[in-house]
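Thanks for asking me to look this over with you.

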Amino acid sequence: MMIEREGLQVIDTATPPDVPARLVDDFTPELIDVGTHGLCPGCGEPIAVRALVEAIAELGLTQKAIAVFGIGCYTAFSNNLDVEVLQALHGRAPSLATGVKRARPGTFVVTVQGDGDMVNEGLQEVLHTAARGEAVTCVMLNNGVFGETGGHLTATTVLGQRTKNTLEGRNAHDHGYPILLADVIATLEGASFVARCAVNDAGNVARTKRHLTRAFEVQMAGGFSFVEILTMCPTGWFIDTLDAPDYLSGNLAAVHAPGVVKDAARG
Amino acid sequence: MTRRLLEGSEAVAEAMVAAGCRFFAGYPMTPFTEVLEHMARLLPEYGGTCINAESELEAVGMAWGAAATGTRSATGSTGQGLSLMQESLSELVSAHVPLLVLNMARAQGDYFQATRGGGHGDYRMPVLAPKDAAEAVDLMRPAFELADRWRTPVLMFGDYYLAHTAQSVDVPDVVDPPPPGDWALDGSTGGSGHAKLLSPLGDHKRRDDVGYDLQEHYRRVARGVQEMTEGIEPMWEELGTEDAEVVVMAWGTPGRYVRAAVRELRERGRKVGFLRPVTLYPFPDAAVQQAAKNARLVAVYENNQGQMTDDVRLALEGRVPVRFIGGLSLDHSGFGIAPDLEVATLVQRIEEVLPA
Amino acid sequence: MTLTRGTVVIDEEACKGCDLCVDACPPRVLVMTKEHVNSKGYRYPMLLPGCTGCRACAQICPDFVFQVYKYETPQEVA
């Protein structure tokens, strides 16, 4: 069981245990086909995608689910999930989701979009989809940058945040203020459930999964739900992977505050 | 089949529903607006859905989503609205999603947009240009079938006249839409190991590697467009081309007037022929070459600065001179009502290019 | 001897050396290699005794490196 490595006595983790043990977590969830992806070390998006598909499986929605993907780093998962996937253009997932759900009301429809995709390119789409109360769930993976193009300012970038095109840090005079989308959506009558969460530590990952589960239940009961998941982007933030969880809490989460913003059914 | 006197917008809407269309999304814009109004009224009667989208961008998006489930779907607008939809229209071709797209155009300046270069990338789609509401009604079900057969968007090109003229049309009986193709999404293949993917970037899940192979995908799309182009029989109308010295070409609504002008000239003994493409893509190249075989000139009339004229030149490959005899003709509204569309005016325009 | 309730299988080749698991682990029994790297050039985690099988590492890992087991009977590990 024990081996020596670099002067330490460590457990041999190359093979499963040879004493009776129960597998409590497999490498990939059942709905992710291949675990390999080209996303950066320390990226929060795969963590969020994992929580999302686990929630779908646990609620028994696997054979009803259609995931509508936007365009961003996370698009890497669009041909790697074992749920049906409809790929949309940048910003356009909510309109496609609307068409899918209206044509096939018995399905479970969830959009997977980044902050650049949803709040910049596609702000109109998500607002109107929420206002109409479409029975879909829109999920925003918010890392405060356009990750796929290298790390540029989006509408959710916080003041002071350095990006490739705000190298001195975002300032209100030149770049305006961030849009706190979850709060804006919560003001719309058509939005039934709105929550923010993060994936920067295990506790938050568990909370993310809980909010996703609640959001999915709200959709199945006929309401529009929205979950914003703050994710780490050490590449876009110009920091070490190890520092990204604290950067997220101290910067992004300080502005885009985690918690349940609105739960109409529960008051 | 019922014969009814209907304004063109209503006829087009009735024909779409009769052909099995059960989803429509649009945004009001002249002269397309009434189609949206009629679809909003009709579709719920047949268990369908019509959505007033927040902009044309979302209209094509919603129609894309509905079509992705295998529901017979349509959207439309006028030229400016179609401009907003172009990214999606190009991508619908590489996503292999069938969709009927209606342009109720203002004049004829959208020919290029319709047949190529509206959007980015290497794509083409079938384009049908009826001359009136009756022809639009007759072409509607074939248009949806083309879309399904080749898994492509299909553009139906109408205009202000077509939309706002009342005409006697044969409205087909309503049919049920066909069942969804096996590529269509409904969630049910989730968890099977082969969950379906519908994407403009690729059409299958990869297990060997991650990411899309765009080179392979776009090659396959290009082959598909090629097969589609070769597999569709072009459609056209012609009159008096057997002995024509000059062949006059026109398309869409102006075609009716140009044909009347050609008839009048023929009655006066002039050797003039007429050819009106109905499929703007695939363009009836062979028919144009054949019609112009013994002609000394092909004259093209269109209400724009010369767009189909380019395709005529391409079809003839320099064998016969081509002369543009059209031009932008608009009233103060800019909606495409053309003062030039009088038979007498067109007769004169054609006479100017006839041999003495 | 350390009471150990669970263990992991680590896919060293999948790891991208991001270190997130180290801080995520409540009993802090994951430590990154200093000299060893995988074929992509990344350091990867090693497991010390004391794992509780809580799955935090698996939940936080962006690269699906961990398989987590809970022992039927807690083991005393040297």
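1. A word on the ground rules. This is a predicted model, in which local features need pLDDT of at least 70 and side-chain atom pairs count only at pLDDT 80 or more, while totals for chains, interfaces and linings use all residues. Residues are numbered from 1 along each chain as its sequence is written, chains are lettered from A and ligands numbered from 1 in the order in which they are written, and side-chain values use heavy atoms, with hydrogens and water left out.

2. Let's start where chain A meets chain C. In this contact (heavy atoms within 4.5 Å), 47 residues come from chain A and 44 residues from chain C. Together the two chains bury about 3900 Å², with 62% of it on carbon and sulfur atoms; buried area is the accessible area (1.4 Å probe) that two parts lose on being put together, summed over both. Of the area that chain A buries against chain C, Glu6(A), Thr13(A) and Phe27(A) supply 19%, more than any other three residues.

3. Chain A and chain C share two salt bridges, a salt bridge being a side-chain nitrogen of Lys or Arg within 4 Å of a carboxyl oxygen of Asp or Glu. Asp25(A) and Arg55(C) meet in a salt bridge through their side chains, at 2.9 Å from N to O. There are also 19 residue pairs in polar contact across the interface of chain A and chain C, both residues at pLDDT 80 or more. A polar contact is a pair of N or O atoms within 3.5 Å; within protein, one must be able to donate a hydrogen and the other to accept it, and residues adjacent in sequence count only if both atoms are side-chain atoms.

4. Which elements of chain A supply at least two residues each to the side that touches chain C? They are strand E1 (2-5), strand E2 (8-11), strand E3 (21-25), helix H1 (45-58) and helix H7 (202-220). Helices (H or I, at least four residues) and strands (E, at least two) are DSSP runs, numbered from the N terminus. E3(A) gives the most, with five residues. By class, this side of chain A has 29 nonpolar, ten polar and eight charged residues. Here Ala, Val, Leu, Ile, Met, Phe, Trp, Tyr, Cys and Pro count as nonpolar, Asp, Glu, Lys and Arg as charged, and the others, Gly among them, as polar.

5. Four bridges join E3(A) to strand E4 (residues 66-77) of chain C, and the two run antiparallel; strands pair if DSSP finds at least two bridges between them. Leu23(A) has Tyr69(C) as its bridge partner in E4(C).

6. Next, the contact of chain B with chain A. It takes 44 residues from chain B and 38 residues from chain A, and the buried area is about 3200 Å², of which carbon and sulfur atoms give 57%. Two salt bridges cross this interface, and the side chains of Arg132(A) and Glu54(B) meet in a salt bridge at 2.9 Å, N to O. The count of residue pairs in polar contact is 20, both at pLDDT 80 or more. H3(B) gives the most to the side of chain B that touches chain A, with eight residues. That side has 16 nonpolar, 19 polar and nine charged residues.

7. Strand E5 (residues 84-87) of chain A and E9(B) pair in the parallel sense over two bridges, with Val85(A) opposite Leu197(B).

8. Finally, have a look inside chain A. Strand E6 (residues 108-114) of chain A is largely enclosed by the rest of the structure, because seven of its seven residues are buried (under 20% relative accessible area, with exposed over 50% and partly exposed in between; 1.4 Å probe, protein chains only). Phe108(A), Val110(A), Val112(A) and Gly114(A) point one way from E6(A), and Val109(A), Thr111(A) and Gln113(A) the other way. Strand E4 (residues 65-69) of chain A runs parallel to E6(A), joined by five bridges, and Phe69(A) has Val112(A) as its bridge partner. E6(A) also pairs with strand E7 (residues 137-142) of chain A in the parallel sense over five bridges.
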